[in-house]
Amino acid sequence: GWLGMITGTYLILFYIILYWFPAYMVNAVWMVNPLSLLLSGNPASQWFLYGFIYTLAILVMGIRMFRKYRGNKYQQLRTASVMFFQTAFAFLIPEILVLLNQPYYDFKNIWPLDYDFFYDYQISTFLSSGGVGMFMLIWGILLIIIAVPLFTYFYGKRWYCSWVCGCGGLAETVGDPYRQLSDKSLKAWNIERYLIHGVLVLAVVMTLITIANYFSSFSFLGNVTNQLHSFYGFAIGSAFAGVVGTGFYPFMGNRVWCRFGCPLAAYLGMVQRFKSRFRITTNGGQCISCGNCSTYCEMGIDVRWYAQRGQNIVRSSCVGCGVCSAVCPRGVLKLENGPEEGRINENPILIGNDSIKVNA
Ligand code: SF4
Ligand code: SF4
C-alpha cells in the first residue's frame, strides 16, 4: 500500500543521492566521521556512511528475523550468519586493513559480483602491497574457480546467497517484509533467465577485454575497456544493483537484483542446476495446496506446483532461504543435500503435459 510506496520512493531517492549527488549527504557523513577515524584513520566518505547504514539495517532487521522465526533453527543460524559476515567481513575488516596500510578488501566478495576485481588499478594495488596483496589476489581467484563450484556442489547456492552475501543479507533481513511481492508468472521467469545470464555474459566479456588490455599496449583496447567500465559501473553497479535492486523491494519483492541481475547468482545457479547435491524434497501426499510456499518464495518459484506432484525442487534460482519450508503448515518441504542420482524425480503419470515446466 501507500507505506510501501513511500518506503520504495525514499530508498530510490537515497540511492540516487548516494551515487550521483553525494554533496547533499555531507552532514550525514560528518556524523559518522568519528567512527571512520577510529576504524581506518581516514575521514568518512559517503561510502563509509553507506556501509554503516547497510550494516546497521541488517543488524536491526536481523533481530526482527530472530523474533519472527523463533523456534526455527535454520532461520536463526542463517540470520546470524549474514549478520556476522556483513559486520565483520564487509564493514570492519576492510576498514581495519586500511588502518594497517593494507588494501581495502572484502574477503567474501567474489567476481563477477565484485566486478572491478580484475580492473588494472585493483591488480596494481594487490601487486604493490607485498605478501598481503598477493594473498588477496590469489584468494579472490581461488574463490572463483574452486570455492564456488565446490561449495555449490555440496550445499547448493544457499551457502553464499542466503548465508554469506551482503546483497542476500540485506534482502533476507530488511527485505523480508516484501518477499511475497515477487512475481510468480512464467513471463517473469523468462525475463529473469535472459536478463541474469545477459549480465553474466557482459561481466565476462568486460573482464576478458580488461585482462587482454592489461597485457597489451593497444590503445584501441584501452578505449573499449574504459567505455565498458563506465557503462557497467553506471548501468549495472549503480542503477541495477543499487537503485533498482534495493529501491524496488516494496514494488517487486526483496530479491530483484539477486533474481534478475546478479552475475554471481547466475554462475552459482548454473552449478546448482546441473551439478549439485542440493534439492528441496516434497512429500506431496501431505500438501493441502494452501499456497503459502509459493506466496513467500522470494525468487518467484511456484513451489506448490512441485509439492502437489511430489517432485523435488531443483531450480537454478532457488537461494535456499528455507522460508517455503518454514511457512508450510504440513511440513511438506525439506531442504536437503544428497546423492545426485534421483535428484530430479520426474513422475510422468502425475506431471502429464506439464513436463516442460518441470525441466525449467
Ligand atoms: S524455493 Fe524455498 S528455499 Fe528456494 S528461494 Fe523459494 S522460498 Fe527460498
Ligand atoms: S505450504 Fe505446504 S501445504 Fe501449502 S501448498 Fe506449499 S507445500 Fe502444500
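A residue is called buried here when its relative accessible area is under 20%. In this predicted model, asparagine 254 has a relative accessibility of 1% and therefore counts as buried. Its place is the loop that links helix H12 (249–252) to helix H13 (256–260).

Attention now turns to the ligands. Ligand 1 sits in the largest cavity. Around ligand 1 are Ile280, Cys297, Met299, Val303, Cys318, Val319, Gly320, Cys321, Gly322 and Cys324. Sorted by class, this shell holds 8 nonpolar and 2 polar residues, with no charged residues.

Ligand 2 is surrounded by 13 residues, of which Cys287, Cys290, Gly291, Cys293 and Cys328 are the closest. Helix H15 (292–295) and helix H16 (303–309) are the elements that each supply two or more residues to this shell. By class, the shell around ligand 2 consists of 8 nonpolar, 3 polar and 2 charged residues.

Serine 289 belongs to the loop between strand S1 (278–282) and H15. Although serine 289 is not a glycine, its phi is positive, at about 60 degrees. With a relative accessible area of 31%, serine 289 is partly exposed.

A positive phi of about 60 degrees is also found at asparagine 101, again a residue that is not a glycine. Asparagine 101 is placed in the loop between H5 and H6, and it counts as exposed because its relative accessibility is 70%. The loop between helix H5 (73–99) and helix H6 (120–127) also holds proline 112. The peptide bond leading from tryptophan 111 to proline 112 is cis, with omega near 10 degrees.

Glycine 1 lies in the segment before helix H1 (2–20) and, at 86% relative accessibility, counts as exposed. Glycine 1 and phenylalanine 251 are separated by 250 residues in sequence, while their C-alpha atoms are 9.7 Å apart in space.

Definitions and conventions:
Residues numbered from 1 in each chain as written. Chains lettered and ligands numbered in written order. Predicted model: local features only at pLDDT ≥ 70, side-chain atom pairs only at ≥ 80, totals over all residues. Heavy atoms only, no water. Helix = DSSP H or I, 4+ residues; strand = E, 2+ residues; numbered from the N terminus. Buried < 20%, exposed > 50% of the residue type's maximum accessible area, 1.4 Å probe, protein only. Near = heavy atom within 4 Å. 1 Å grid on protein atoms, 1.4 Å probe; cavity = no way out; pocket = protein on both sides within 12 Å on 5 of 7 lines; lining within 4 Å. Sits in = over half its atoms within 2 Å of the grid points. Nonpolar A, V, L, I, M, F, W, Y, C, P; charged D, E, K, R; others polar.
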